[in-house]
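Here are some exercises to work through with the sequence and the coordinates open side by side. Try each task on your own before reading its solution.

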Amino acid sequence: MEKIKKAIKACVILAFITVVFGLLIYSRIQAYSLAPTTSPIKLRGYPLWQIPIVYLYDYFSHGTICLLFAFTTAGLIYEFAPKEAITKYMGSSKALGYGLALGMAPFLTVCSCTMVPLFGGILYAGAGIGPAITFLLMAPASNILAILLTGELISWELAGVRIIASITVALTAGIVISKTPWGKNVEKEHQINNSTSAMAKIEVVKPPLDERLWAALKFGWYLAKQILPYFILGLIAVSYLEAFLPEEIIKKYLTGVNGVLLASVLGGPLYTPTLVEIVLGRGIWFREGVILSKGALLAWLMGQPYDFANALAVSRIAKWKVVATYMIIAWAGSVTFGLLYGMLSSSL
């Protein structure tokens with residue numbers, strides 16, 4: 001009887017997951033917009049108190065499918081990704097460690113604040129400082145939710161460029177820090193004498209499928225509770241920005257080389273949750289279907305990994321010299337890729 005209950009529970013959860021994935025595929029086939037469609041001019045026509053209500057309704061009537069898919073996927077990957085292999089093979093600074101850091105980090109978390117304890121855990125487990133830093137920078141910059149929402153709310157071209165830029169910056173920071181004396185010192189401090197053979201003898205008993213699926217959904221719900229309140233606050237702020245931020249100010253101060261520099265400063269030190277940063281960026285730079293400065297927008301989006309709040313937290317684990325080094329590299333990468341993308345796309 002107990003087995004039948006578990007089988008039914010697993011089937012119900014799998015049916016739910018199938019529906020969620022099916023809805024996203026259907027929306028793509030139908031070319032259904034998952035981003036808000038209300039224009040700034042329309043928003044200005046509403047009373048002040050009504051503007052965020054209209055914008056939130058517009059967003060969630062389009063974007064719920066996207067969020068549901070993203071949180072469900074994040075939960076599934078978190079539950080079923082082979083975490084033991086990650087910590088095991090990231091224990092060295094070889095190419096495999098960097099590859100795992102780049103490949104797996106985006107699927108394990110969605111925000112830089114969530115990354116800090118995971119970064120510490122990986123480092124304490126014996127990972128090389130280079131892969132650990134790459135892991136730390138890659139996840140908030142190009143996690144699955146951030147890329148999905150960047151593509152849906154702004155453009156898939158920008159999402160693609162963001163992935164390339166994030167990989168380059170995270171890899172550069174990891175390799176450079178692994179070569180510095182302060183990076184090597186931190187690595188030595190945290191390395192522990194794990195006995196691989198002893199670990200191999202530990203038999204890991206995995207729970208049944210229904211429990212794992214339920215745990216995946218619970219983790220997705222946990223992420224939603226962590227993120228959605230900030231996300232909604234961000235959407236409210238963006239609704240007013242969309243309605244009242246004059247385009248003259250954007251064109252005067254947030255475009256060109258100075259615009260990229262200003263965006264790289266505003267997007268970094270000012271702590272903004274990853275997903276809120278996307279909607280804020282959309283509200284500032286995206287007008288009437290036109291991105292006013294792709295270069296500045298990319299520089300803004302790449303600021304997440306070097307905000308002050310998380311840098312303070314990381315400094316408790318990896319010392320200030322390491323933190324300062326990766327912050328400088330991440331900021332330089334933000335400016336460099338912002339300028340390059342702006343020039344190549346003729347939108348600086």
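## Exercises with worked solutions

Let's begin with Ser142, which sits in helix α7 (residues 129-142). Please keep in mind throughout that this is a predicted model.

**Exercise 1.** Decide whether Ser142 is buried or exposed, and find which side chain it joins in a polar contact.

*Solution.* Start with the accessibility. Ser142 has a relative accessibility of 5%, and the cut-off for buried is under 20%, so Ser142 counts as buried. Next, look for a polar partner: the side chain of Ser142 meets that of Ser166 in a polar contact of 2.9 Å.

**Exercise 2.** Work out which residues are linked with Lys6 in a network of salt bridges, and which helices are tied together.

*Solution.* The structure holds three salt bridges.

- Step one: Lys6 pairs with Asp210, with the closest N and O atoms 3.6 Å apart. Lys6 lies in helix α1 and Asp210 in helix α12 (residues 209-244), so this pair ties together parts that are 204 residues apart in sequence.
- Step two: Glu211 also forms a salt bridge with Lys6, and here the closest N and O atoms are 3.1 Å apart. Glu211 lies in helix α12 and Lys6 in helix α1, so the parts joined are 205 residues apart in sequence.
- Step four: check the accessibility of each member. Asp210 is buried, with a relative accessible area of 4%, while Lys6 is partly exposed at 26% and Glu211 is partly exposed at 36%.

**Exercise 3.** Find the salt bridge partner of Lys294 and say how many residues apart in sequence the joined parts are.

*Solution.* The side chain of Lys294 meets that of Glu157 at 3.2 Å, N to O. Lys294 belongs to helix α16 (residues 294-301) and Glu157 to helix α9 (residues 156-179), so the pair ties together parts that are 137 residues apart in sequence. As for Glu157, its relative accessibility of 43% makes it partly exposed.

**Exercise 4.** Classify the aromatic pair formed by Phe21 and Phe69.

*Solution.* There are three aromatic pairs in the structure. For Phe21 and Phe69, the ring centres are 4.9 Å apart and the planes make an angle of 65 degrees. Planes over 60 degrees apart count as edge-to-face, and that is the class of this pair. Phe21 lies in helix α1 (residues 2-29) and Phe69 in helix α3 (residues 51-80), so the pair ties together parts that are 48 residues apart in sequence. Phe21 is partly exposed at 28%, whereas Phe69 counts as buried at 14%.

Notes
Residues are numbered from 1 along each chain as its sequence is written. This is a predicted model: local features need pLDDT of at least 70, side-chain atom pairs count only at pLDDT 80 or more; totals for chains, interfaces and linings use all residues. Side-chain values use heavy atoms; hydrogens and water are left out. Helices (H or I, at least four residues) and strands (E, at least two) are DSSP runs, numbered from the N terminus. Buried means under 20% relative accessible area, exposed over 50%, partly exposed in between (1.4 Å probe, protein chains only). A polar contact is a pair of N or O atoms within 3.5 Å; within protein, one must be able to donate a hydrogen and the other to accept it, and residues adjacent in sequence count only if both atoms are side-chain atoms. Rings of Phe, Tyr and Trp (its six-membered ring) pair if their centres lie within 6.5 Å; planes under 30 degrees apart count as stacked, over 60 as edge-to-face and the rest as tilted. A salt bridge is a side-chain nitrogen of Lys or Arg within 4 Å of a carboxyl oxygen of Asp or Glu.
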